[in-house]
Amino acid sequence: MTESKTIQGGFDGAGKKVAIVAGRFNSYIVDSLVGACEDVLLRHGVARKDLTLVRVPGCFELPITAKRIATKGNVDGIVALGTVIRGATPHFEYVAGQCAAGLAAVALETGVPVAFGVLTTETIEQAVERAGTKMGNKGADAAQTVLEMMSVLAQL
Ligand code: INI
């Protein structure tokens, strides 16, 4: 019987260069995601000089910004952070849909892992719950994801 080999990621950020791209829209929520994301990355060994925060108007602008950063070739991973809250019009679908599809395309086209830390919620309350209250903090979760994916992809 052959022994199977398992490849899996660790969470060591030492020596890794990471960019956070964050939308300003719903900044009250997004700033909590950014703070938690930076905190997790720094506590896992990412050096402050290797961590860059790029602010953009809203989630619709996250993919083009992530693509520019990824194609410049000097980051190991990207975390995209934002918050889209459903309103009375179909705007939500366009912004959230294009954002998610665009970020996935950036990761696939460039090979740079892009963690999806974008809240898509029905209400402000649901967003607050996911930005440092009873449902945790999705910015922290996204930071862990990028650490794990940088590690996995480096081994493949
Ligand atoms: N941007 C967001 O990040 N979240 C939202 O909830 C949102 N809504 O609801 O409109 C939003 N809109 C702005 C959008 O991301 C662009 O910045 C804008 O359309 C200009 O391109």
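Which residues are around the ligand? In this predicted model, local features need pLDDT of at least 70, side-chain atom pairs count only at pLDDT 80 or more, and totals for chains, interfaces and linings use all residues. Residues are numbered from 1 along each chain as its sequence is written, and side-chain values use heavy atoms, with hydrogens and water left out.

The residues around the ligand are F25, N26, G58, C59, F60, E61, T83, V84, I85, H91 and V95 (a heavy atom within 4 Å). By class, this shell has 6 nonpolar, 4 polar and 1 charged residues. Gly counts as polar here, and Cys as nonpolar.

Polar contacts are pairs of N or O atoms within 3.5 Å. A backbone N or O atom of T83 lies 2.7 Å from a ligand nitrogen. The protein covers 74% of the 460 Å² of accessible area that the ligand has on its own (Shrake-Rupley, 1.4 Å probe).

Two elements give two or more residues each to the shell: β3 (77-85) and α3 (91-110). The largest share, 3 residues, comes from β3. Strands are DSSP runs (E) of at least two residues, and helices are runs (H or I) of at least four.

Strand β6 (residues 136-137) contains N137. N137 is buried, at 11% relative accessible area (buried means under 20%, with a 1.4 Å probe and protein chains only). The N137 side chain reaches the backbone oxygen of S32 at 3.2 Å.

Note on methods
Polar contact = N/O pair within 3.5 Å; in protein donor to acceptor, adjacent residues only side chain to side chain. Buried < 20%, exposed > 50% of the residue type's maximum accessible area, 1.4 Å probe, protein only.
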